[in-house]
Amino acid sequence: MTLSVTGGDTGARRWTPMDFGAAGDGRTDDTSALQRALDALRPGDTLVLPEGRTFLHSDVLTIRVPTTRLAGGGSLVAVEEARSAVVVDADDVIVDGVTLEMRSTSRRWDAFEQMKLRVAGHSGVVVRRVTIDGSAAAGIYVGTGASGFRVEDVRVRDTRADGLHVTGGAHDGVVQGVVASETGDDGVAVVSYLGDGVPVRRVRIEDVTVRDNTWGRGVSVVGGEDITVVDGLVERSSAAGLYVASEGAPYDTFAPRRVDVSGFRVVAGNTDPSVGHGAVLVYGGRPDRPPSDVAISGLMVRATRDGAPWEVGVVAEPGASVRDVTFTDVTVAGPGPAFVAAGVDPDCCPRIGWVVDGSAVPDAP
């Protein structure tokens, strides 16, 4: 039976997985019942996972009906890491309030079937108030041309790869209020591979927090155009807390262009002594794809690892370059050199309004 009919005569319905034979007891494999429930939805319908209910699934679950909603305080728990994803494969789907969990993992995986929540190839998808607790690969993957997406007030922890990974030419999206902790790679990442054909474009990342990743960077923009990052906090990142880069083989990415970062804080960055990133790194790794038009303002850096090569660095590989990178209103308190530029044109990186260890330093226009 349905829980209720909402919206007057609109015909929108609310179902639970139990209406389709699920147990929701945390012991029974509910895969078949869950997929039947998702496939039975009509546009406007909601599938509710009731608070306190745990639904196990041993295969990928796919939301195929547009303009539907997966909601409630219950949990979907994957028990087979190789087939552990929940996939949004329709336009205007809302995933709201649920917990998606991976019970245990043995290694890092990298296929679509292992991304805990995958949003790809569709428009208008909203992921809101979702908790990702464990993943065999990325926690949330947004790619393959996804557009008009929103990821809001999400908690991601204990992933084998990135906490949130935006790639595949995704565009015109908003990431807001994400907290990522104990991720196996970058906490929040925009990555634009040349093989995708087009870069990620027009994405705003706001009020995100990354803590205690076990490898990788805090927030990264590795290729992408018109990317805005506002009010970020990274604490205890393995590599750089903030990383803006183009990369060569084997990753082969587009360049970051027109990247605006403001109000960003990095505390205790670059904890891994085997990685020489410092707290902040702008990096040119491809001769044909220089990072350009990068503006970083209102930056605060403190307590970077002793022995890190710099607090803020701009580095280019031989033959590569970095163009038009500006640093404005930067406060640095840490043991390493406040700023290092290596392999770049001396005029590439104006620095205005810097305070280092409590003292103002001359501008370097």
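## Report on a predicted model: core, disulfide and salt bridges

Ile 227 has its place in strand E24, which runs over residues 224-235. Helices (H or I, at least four residues) and strands (E, at least two) are DSSP runs, numbered from the N terminus. This is a predicted model, in which local features need pLDDT of at least 70 and side-chain atom pairs count only at pLDDT 80 or more, while totals for chains, interfaces and linings use all residues. Residues are numbered from 1 along each chain as its sequence is written, and side-chain values use heavy atoms, with hydrogens and water left out.

Is Ile 227 buried or exposed? Ile 227 has a relative accessible area of 0%, so it is buried. Buried means under 20% relative accessible area, exposed means over 50%, and partly exposed lies in between (1.4 Å probe, protein chains only). Leaving aside residues up to four places away in sequence, Ile 227 touches Val 190, Val 200, Arg 202, Val 203, Val 221, Arg 258, Val 259 and Asp 260. Contact here means heavy atoms within 4.5 Å. Between Ile 227 and Ala 161 there are 66 residues of separation in sequence and 22 Å in space, C-alpha to C-alpha.

**Arg 258**

One of the residues that Ile 227 touches, Arg 258, is found in strand E26. Its relative accessibility is 32%, so Arg 258 counts as partly exposed. Arg 258 also has a positive phi of about 55°, although it is not a glycine. Most residues other than glycine have a negative phi, and most peptide bonds are trans. Asp 158, in strand E17 (residues 155-159), is not a glycine either and has a positive phi of about 60°. Its relative accessible area is 41%, so Asp 158 is partly exposed. A cis peptide bond joins Ala 249 and Pro 250, with omega about 5°. Pro 250 lies in the loop between strand E25 (242-246) and E26.

**Salt bridges**

How many salt bridges does the structure hold? The structure holds 24 salt bridges. A salt bridge is a side-chain nitrogen of Lys or Arg within 4 Å of a carboxyl oxygen of Asp or Glu. The table gives three of these pairs.

| Asp 39 | Arg 64 | 3.0 Å |

Asp 226 is partly exposed because its relative accessible area is 30%.

The side chains of Asp 39 and Arg 64 also meet in a salt bridge. That pair too links distant parts of the chain: Asp 39 is in helix H1, Arg 64 is in the loop between E6 and strand E7 (69-71), and they are 25 residues apart. Asp 39 has 39% relative accessibility, so it counts as partly exposed, and Arg 64 is partly exposed with a relative accessible area of 45%.

Arg 289 is partly exposed, with a relative accessible area of 29%, and Asp 288 is partly exposed at 47%. Elsewhere, salt bridges that share partners join Arg 69, Asp 96, Arg 128, Arg 129, Arg 150 and Glu 152 into one network.

**Helix H1**

Which residues of helix H1 (residues 31-40) are buried? They are Thr 31, Ala 33, Leu 34, Gln 35, Ala 37 and Leu 38. The cover over these buried residues includes strands E3 (25-29), E4 (46-48), E5 (54-57), E6 (61-63) and E8 (75-78).

**Nonpolar cores and the disulfide**

A nonpolar core is a set of buried Ala, Val, Leu, Ile, Met, Phe, Trp, Tyr and Cys residues joined through side-chain atoms within 4.5 Å. The largest nonpolar core has 82 residues, and those with the most contacts inside it are Ile 140, Val 142 and Phe 327. Apart from this core lies another, of 10 residues, among them Val 191, Val 222, Ala 240 and Val 315. Not counting residues up to four places away in sequence, the contacts of Phe 327 include Val 282, Ile 296, Phe 339, Cys 349 and Trp 354.

Cys 349 is also part of a disulfide, joined to Cys 348 with an S to S distance of 2.0 Å. A disulfide is counted as a pair of cysteine sulfur atoms within 2.5 Å. The structure holds 1 disulfide. Cys 348 and Cys 349 are both buried. The torsion about their S-S bond is about -65°, so the disulfide of Cys 348 and Cys 349 is left-handed.
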